[in-house]
Amino acid sequence: MGIKTMAKIIMGIESSCDDTGVAIIRATESSNTIDYNPVDIMANMLLSQLELHKKYGGVMPEVASRAHLDIMPFLIREALSQAKLQVADLDAIAVTAGPGLIGGIVVGSTMAKSIAAASGKSIIAINHLEAHALVIRALQRCEFPFLILLVSGGHCQILIAKEIGAYEVIGRTIDDSIGECFDKVARALGLGYPGGPQIELRAKNGEKGRFSFPKPLCNNHEHCNFSLSGLKTAAIRTIQQNAPLSYDVINDFCAAFQDTIAEIITNRLDVAIKMYETSINDATLNRNIVICGGVASNEYIKNTISKHIQGKGFTLCAPPPEFSTDNAVMIAWAGWEKLRLGEVSGLDFEPRSRWDM
Ligand code: KG4
Ligand code: ZN
């Protein structure tokens, strides 16, 4: 059959929120099949701006873009040095072109365009959400089609991934995202930002039985949309009515709240699975659900979903936490997925604050 493997080296640049990331990967493919060997990560630089934004209780866009501009050139140099490469060795530069905070996206795009312009290398504009969804394929075998549960600070969607670039949104939140709900409830509890990891930590020592919360839309079997604002409001009201909450009560509260979110997700996935099976209608259907976005680093939520969907013959495919939250490896990998299909961008692509998958 004559399988020819060819390696491509791709730099990924991420700056759409409060993490500045630069990664370099080496990906290979054979001439007739996709090579699912885990990708070679040659450099993975990530600098969180968390400390800068903590005092504001959220990300300050202006502060974020200035910090990206300050640090990005040094991360690029450091990544090349770690990988023992020069720009001339790269095959392409992939960069987050949206969605996210426009100032940061402009910084990353400008850096990437400058390198590409000066070196003549290909540039690939990447949708940050698509990168979240595809990174699992850098780490394990996960063939199309599959279901995607995208749960981040800015997004809450269920999609059918048909192939690269072909995603059908079958459900989405009609109000808040899950990450946002975690963050606002954590703030009301005085737990700081970002709220998700804090709530997960406190829930570990809590009993979920002490509180019960509403699960909006959970008796709707017609669609797999989410609604989180009723839960958020009820949770914040409970905090205010019971203030001040003792250390142990906060733990119990977090356990109950986190469990409610997990139950809402499994309930919505039940409907999504039915929609997926009807839509694809193929006995050989891949029964994989890819979870991605910041909330996908929550172990309790992942375990609950995983156990639940196993009963339906589905497997949860979850990247490890460092590839669930924002990172540049996922941008480089999405670049590879596009490059393999010959989908490179022009130097004139436009950064976009909004960009649906
Ligand atoms: O994908 P991400 O890093 O950034 C974007 O929004 O694009 O997601 C950040 C969100 C935040 O709302 C954060 O609270 C949430 O993900 N998050 C978590 C956990 N880690 C991060 N939520 C629940 N449990 C976690 N362990
Ligand atoms: Zn993200």
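What follows is a short chat about a predicted model of a protein chain with a ligand.

Q: Where does ligand 1 sit?
A: In this predicted model, ligand 1 is found in the largest pocket.

Q: Which residues come nearest to it, ligand 1 I mean?
A: The shell around ligand 1 has 20 residues, and those that come nearest are G153, D183, E200, G294 and N298.

Q: Which polar side-chain atom lies 3.1 Å from a nitrogen atom of the ligand?
A: That atom belongs to N298, whose side chain places it at 3.1 Å from a nitrogen atom of ligand 1. Taken alone, ligand 1 exposes 560 Å², and the protein buries 87% of that area.

Q: What lies 3.4 Å from an oxygen atom of the ligand?
A: A polar side-chain atom of H132 lies at that distance from an oxygen atom of ligand 1, and for G154 a backbone N or O atom is 3.4 Å from a ligand oxygen atom.

Q: Which helix gives the most to the shell?
A: That is α7, which contributes four residues; α4 (128-134), α6 (178-188) and α7 (195-203) each supply at least two.

Q: Switching topic, how many helices and strands does the chain have?
A: The secondary structure of the protein chain comprises 12 helices and 10 strands.

Q: Why does its radius of gyration agree with a compact globule?
A: Because a compact globule of 357 residues would have a radius of gyration near 21 Å, and the protein chain has 21 Å. Along its principal axes, the C-alpha trace of the protein chain spans about 60 × 50 × 30 Å.

Technical notes: Residues numbered from 1 in each chain as written. Chains lettered and ligands numbered in written order. Predicted model: local features only at pLDDT ≥ 70, side-chain atom pairs only at ≥ 80, totals over all residues. Heavy atoms only, no water. Near = heavy atom within 4 Å. Polar contact = N/O pair within 3.5 Å; in protein donor to acceptor, adjacent residues only side chain to side chain. Areas by Shrake-Rupley, 256 points an atom, 1.4 Å probe, with all protein chains shown as cover. 1 Å grid on protein atoms, 1.4 Å probe; cavity = no way out; pocket = protein on both sides within 12 Å on 5 of 7 lines; lining within 4 Å. Sits in = over half its atoms within 2 Å of the grid points. Rg over C-alpha atoms; globule rule 2.2 N^0.38 Å.
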